[in-house]
Amino acid sequence: MIRVFTALLLAACAPALAGCVPMMAASAAGMAARSAQGTPASNEALRPGARDACSSEAAKYGAVHIIDVEQRAVNKIIIWGTVDDGKERRSFQCNFGTRITGFTLRKINASR
């Protein structure tokens, strides 16, 4: 009786297990590919230049206040901040690789 129950249980679980094996293999292949790439080199030395370039771009719109500088990838640094022209304060996001690759200025809505 136990053998029959075990055989039925194994037969019932086989389809579910068959789906897991390919997914495990794909996951292992992805991990191997990422580890083969190695650790990306940091562009930490570009941060001061990125900060200066983005501050210069933002200064066209008013007094600049940098909030954060974050390295997202080897070739991408993002700078967030605000500009104030005396009439209104706006936020900005500046994307930097080896130069400014994007600059977005947004209105800051009043608090409710």
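**View 1. Aromatic pairs in the predicted protein chain.** The count of aromatic pairs comes to 2, where rings of Phe, Tyr and Trp (its six-membered ring) pair if their centres lie within 6.5 Å, and planes under 30 degrees apart count as stacked, over 60 as edge-to-face and the rest as tilted. The model is a predicted one, in which local features need pLDDT of at least 70 and side-chain atom pairs count only at pLDDT 80 or more, while totals for chains, interfaces and linings use all residues. Residues are numbered from 1 along each chain as its sequence is written, and side-chain values use heavy atoms, with hydrogens and water left out.

**View 2. The cluster of Y61, F92 and F103.** Ring pairs link Y61, F92 and F103 into a cluster. The rings of F92 and F103 have their centres 5.5 Å apart and their planes at 20°, so this pair is stacked as well. Because F92 lies in strand β3 (residues 89-96) and F103 in strand β4, the pair ties together parts that are 11 residues apart in sequence.

**View 3. The hairpin of β1 and β2.** Strands β1 (residues 63-73) and β2 (residues 76-84) run antiparallel and are joined by 9 bridges, and two strands pair if DSSP finds at least two bridges between them. The two strands form a hairpin with 2 residues between them, and within this pairing I66 has G81 in β2 as its bridge partner.

**View 4. The protein chain as a whole.** From the N terminus on, the elements run α-α-β-β-β-β, which comes to 2 helices and 4 strands; helices (H or I, at least four residues) and strands (E, at least two) are DSSP runs, numbered from the N terminus. Of the 112 residues in the protein chain, buried residues make up 19%.

Definitions and conventions. Buried < 20%, exposed > 50% of the residue type's maximum accessible area, 1.4 Å probe, protein only.
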